[in-house]
Amino acid sequence: MGKVVVLDHPLIKHKLTFIRDKNTGAKEFRELVKEISMLMAYEVTRDFTLEEIEIETPICKTKSQIISGKKLGLVPVLRAGLGMVDGMLNILPAAKVGHIGLYRDPKTFKPVEYFCKLPQDIGERDLIVLDPMLATGGSATAAIGFLKKRGAQNIKLVNIIAAPEGIEKVKSTYPDVDIYVASIDEKLNEHAYIVPGLGDAGDRLFGTK
Ligand code: URA
């Protein structure tokens, strides 16, 4: 069973307060989302395996550790997921970035993929799916499903704020996927917004409304 990790670090909690605040403008919101994503990268990579290599310091030869041959892919779900890419890339500069765009069909309510561009070797990469908000879990499960259909083997999902409903949906649909969140909020409202949440993450990142 995949794990659900809540990153309740004081730095993350502090920054979360300011992205929740409706008076925080787009510039500061973007910076904070980037910083939170950077801090989350630290925990998401905690299980990476290390190998020992020999190096030479100015003083002597010594053995030291490096991350062993990890191939990573970041996959932001358009559009709000884009806000998390730069922060993650700061810590994981060698990661390739794929993009998935989804919209909800107004008749069937099913997520439809309208854009998908991924690294060719996604089957060999550890993929980190990025979306700041995990609400109903509809887009997250659709994105994970599309990645698996294209051969993805190893997927982690990173959200800043999640609703309990979304977490349950991802856990029950894809029990192999680990979920990393900064906060599990109370519930969804009747418009599928997270309560208390932060409103529409895409609108707040890009100043649209
Ligand atoms: N997407 C958002 O941007 N905000 C929510 O509260 C739910 C989904």
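This is a predicted model: local features need pLDDT of at least 70, side-chain atom pairs count only at pLDDT 80 or more; totals for chains, interfaces and linings use all residues.
I started with Ser 37, which I found in helix α2 (residues 26–44); helices here are DSSP runs of H or I with at least four residues, strands are E runs of at least two, and both are numbered from the N terminus. Ser 37 is buried because its relative accessibility is 0%, where buried means under 20% relative accessible area, exposed over 50% and partly exposed in between, with a 1.4 Å probe and protein chains only. Not counting residues up to four places away in sequence, Ser 37 touches Gly 83, Met 84, Gly 87, Met 88 and Ile 160.

Residues are numbered from 1 along each chain as its sequence is written, and side-chain values use heavy atoms, with hydrogens and water left out.

**Strands and hairpins**

I went to the strand pairing next; two strands pair if DSSP finds at least two bridges between them. β2 (residues 50–56) and β3 (residues 61–67) run antiparallel and are joined by seven bridges. The hairpin from β2 to β3 goes through four residues.

Strand β4 (residues 72–78) pairs with strand β6 (residues 99–104) in the parallel sense, over two bridges. Leu 78 is bridged to Gly 101 in β6. On to the next pairing: β6 and β7 (residues 111–117) run antiparallel, with six bridges between them. Here Arg 104 has Pro 111 in β7 as its partner. This is a hairpin too, with six residues between the strands, and Phe 109 in the turn has a positive phi of about 65°.

I also looked at Val 97, which sits in strand β5 (residues 96–97). At 30% relative accessibility, Val 97 is partly exposed. Leaving aside neighbours within four places in sequence, its contacts are Leu 74, Pro 76, Val 85 and Leu 89. I took a C-alpha to C-alpha distance from Val 97 to His 9 as well: 27 Å in space, for 88 residues in sequence.

**Rings**

How many aromatic pairs does the count come to? One, by the rule that rings of Phe, Tyr and Trp (its six-membered ring) pair if their centres lie within 6.5 Å, with planes under 30 degrees apart stacked, over 60 edge-to-face and the rest tilted. The pair is Tyr 103 with Tyr 114, tilted, at 6.3 Å centre to centre and 40° between the planes. Tyr 103 is in β6 and Tyr 114 in β7, so the pair ties together parts that are 11 residues apart in sequence.

I noted one charge over a ring, which requires NZ of Lys or CZ of Arg within 6 Å of the ring centre and within 35 degrees of the ring normal. The charged end of Lys 70 sits over the ring of Phe 48, 5.0 Å from its centre.

**Annotated sites**

I then read the UniProt record, an unreviewed entry, which has a "binding site" feature at Ile 194, Gly 199, Asp 200 and Ala 201; such annotations may be inferred rather than shown by experiment, feature names are shortened, and positions are in the numbering used here. Ile 194, Gly 199, Asp 200 and Ala 201 are in the lining of the largest pocket. For the record, a pocket is an open set of points on a 1 Å grid over the protein atoms alone, where a 1.4 Å probe fits, with protein on both sides within 12 Å along at least five of seven lines; lining residues have an atom within 4 Å of a point.

Ile 194 lies in strand β13 (residues 194–195) and is buried at 7% relative accessible area. Ala 201 is in helix α6 (residues 201–206) and is buried as well, at 6%. Beyond four places in sequence, Ala 201 touches Phe 29, Ala 80, Pro 132 and Met 133.

Last, I checked Thr 136, one of the residues in another "binding site" feature from UniProt (unreviewed entry). Thr 136 is among the residues of that set that line the largest pocket. Thr 136 is in the loop between β9 and α4 and is partly exposed, at 37%.

Definitions and conventions: Contact means heavy atoms within 4.5 Å.
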